[in-house]
Amino acid sequence: MILKGSQRAGAKALADHLMNLRDNDHVDILELRGFSSNDLHGCLSEAHAISKATCCKQFMFSLSLNPPPDHIATEDELLDAANRAEDKLGLSGQPRAIIIHEKEGRRHAHAVWSRIDADTMKAINLPHFKMKLRDVSRELFLDHGWMLPDGLASYGNKSPLNFTLEEWQQAKRQGIDPREIKQTFRQAWERSDSQIGFKNALEERGYFLAKGDRRGFVALDVDGNIYAIPKWASLKAKEVRDKLGSPETLPSVEETKSIIHSRVTDQMRGYIAEIKERHDREFDPLRDEHRAMTKAHRLERQCLKDGQEKRWIEETKARSDRLNTGFRGLFDRLTGKARTIRSENEADALRCAKRDQEQRDALIVAQMRERQELQEKVKELKEQQSKERQILARDIASIAWAKSAEGQEAYQSTLQQQRRARDQGPDMM
């Protein structure tokens, strides 16, 4: 289970994010511990109010718990992971909230602790928390028998498909999967051995190499968005300099924008807009299916919850009725029969609680399987659209090259060769 944590403030913003039903199929509060309030906004507001008596600004510790993609974590597994992280970080006994999110056929959780110790009114220090969470994550993978990812197996073998928040947001604004952009830069880098080769490889996919104002080498797409080469190719600046040399021979960002604007025709821009619009429409049936499925799943969970609550009330009353009252109840207490009945009631209540938990887990697993099938359709459509965008990018690069000075020169040279061949003609007999 991958664990990622951070110290933070912003109680309301965090509560809004964790209770967001717009971007999640389901949101469930698994635990609210150590707070007076019974809703998440109130709990985090309490933590904020207590922090006002201290100098601490980042008064919360937020942790995301992400199981492997092919595993549906149970509530007990998520609680166990949160407890292990809590012990390792030194947050045992602190007020805590745990929220479960489900989306795109996957289930993960978020845990939030108050860092303020109410007895000393000081913030709990969390030194080296990233390394501690890494160790807990590694233990969870090993204990559950899950395949260790490279990052945990080698402590530092970072996948090139791990993105910073800035990279993700930039790609998300364009409606393109950031993995697709990252792979483009990595493939272009691996295919080339010089600045010219890298420049040509990028232009085949619709990106244009330029001299950055502050960052050395950058690339621009046809819309003028700027990408820093080291960041998007997962390289160090020194590696880029060693392979590509000096960027001084390249045009500046503004010059490159002008070049792109002159090379890419209005017709091709129309094609780009058309394909983006069509790709968006192709997702409409899947969005409708997703909305209907989410609505049905929420109704099923609510029906199960209502049924379990009704049954729990009836079973609690039945257990209570086993205890006699009045003179017979006094006699039962004297003989020890009442103690025996109470023990049996406690054992029965525990069995019923476990039964209800198993029913909830079974329903969630069945719904998650159904959601994963829908997500496979989404994945297939994304891959199909990605291939279509790659073809369009190559077409754009071809047009751009044809309009460039090099393309015009090659075109004129071809025409001259054709004229000479036509003038010479075949030998006459």
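Colleague: Which residues line the largest cavity?
Modeller: The lining of the largest cavity consists of Asp 25, His 26, Glu 102, Thr 294, His 297, Arg 301, Gln 367, Met 368 and Arg 371. On a 1 Å grid over the protein atoms alone, a cavity is a set of points where a 1.4 Å probe fits but cannot get out, and lining residues have an atom within 4 Å of a point.

Colleague: Which elements give two or more residues to that lining?
Modeller: H13 and H15 do. Helices here are DSSP runs of H or I with at least four residues, strands are runs of E with at least two, and both are numbered from the N terminus.

Colleague: What is the lining like by class?
Modeller: One nonpolar, four polar and four charged residues. Ala, Val, Leu, Ile, Met, Phe, Trp, Tyr, Cys and Pro count as nonpolar, Asp, Glu, Lys and Arg as charged, and the others, Gly among them, as polar.

Colleague: How much space lies in the largest cavity?
Modeller: About 60 Å³. The volume is the space filled by probe spheres set on the grid points, which are joined across faces, edges and corners. The count of cavities of 30 Å³ or more is three.

Colleague: Before I go on, what are the ground rules?
Modeller: This is a predicted model, where local features need pLDDT of at least 70 and side-chain atom pairs count only at pLDDT 80 or more, while totals for chains, interfaces and linings use all residues. Residues are numbered from 1 along each chain as its sequence is written, and side-chain values use heavy atoms, with hydrogens and water left out.

Colleague: Now pockets. What volume does the second largest pocket have?
Modeller: About 570 Å³. A pocket is an open set of points with protein on both sides within 12 Å along at least five of seven lines. It has 21 lining residues, and the closest to its centre are Asp 28, Arg 301, Gln 302, Lys 305 and Arg 360. Arg 301 is also in the lining of the largest cavity.

Colleague: Where does the largest share of the pocket lining come from?
Modeller: From H13, with eight residues. Strand S2 (26–33), helix H13 (284–321) and helix H15 (337–403) each supply at least two. By class, the lining has nine nonpolar, three polar and nine charged residues.

Colleague: Switching to rings. How many aromatic pairs are there?
Modeller: Eight. Rings of Phe, Tyr and Trp (its six-membered ring) pair if their centres lie within 6.5 Å; planes under 30 degrees apart count as stacked, over 60 as edge-to-face and the rest as tilted. Phe 61 and Phe 129 form an edge-to-face pair, with 5.2 Å centre to centre and 80° between the planes. Phe 61 is in strand S3 and Phe 129 in helix H4, 68 residues apart.

Colleague: Is Phe 61 buried or exposed?
Modeller: Phe 61 is buried, at 0% relative accessibility. Phe 129 also counts as buried, at 14%. Buried means under 20% relative accessible area, exposed over 50%, and partly exposed in between, with a 1.4 Å probe and protein chains only.

Colleague: And which residues form the aromatic cluster?
Modeller: Phe 185, Tyr 207, Tyr 227 and Trp 232.

Colleague: Last one: what is Glu 289 in contact with?
Modeller: Leaving aside neighbours within four places in sequence, Glu 289 is in contact with Leu 374 and Lys 377, where contact means heavy atoms within 4.5 Å. Glu 289 is in helix H13 and is partly exposed, at 30%.
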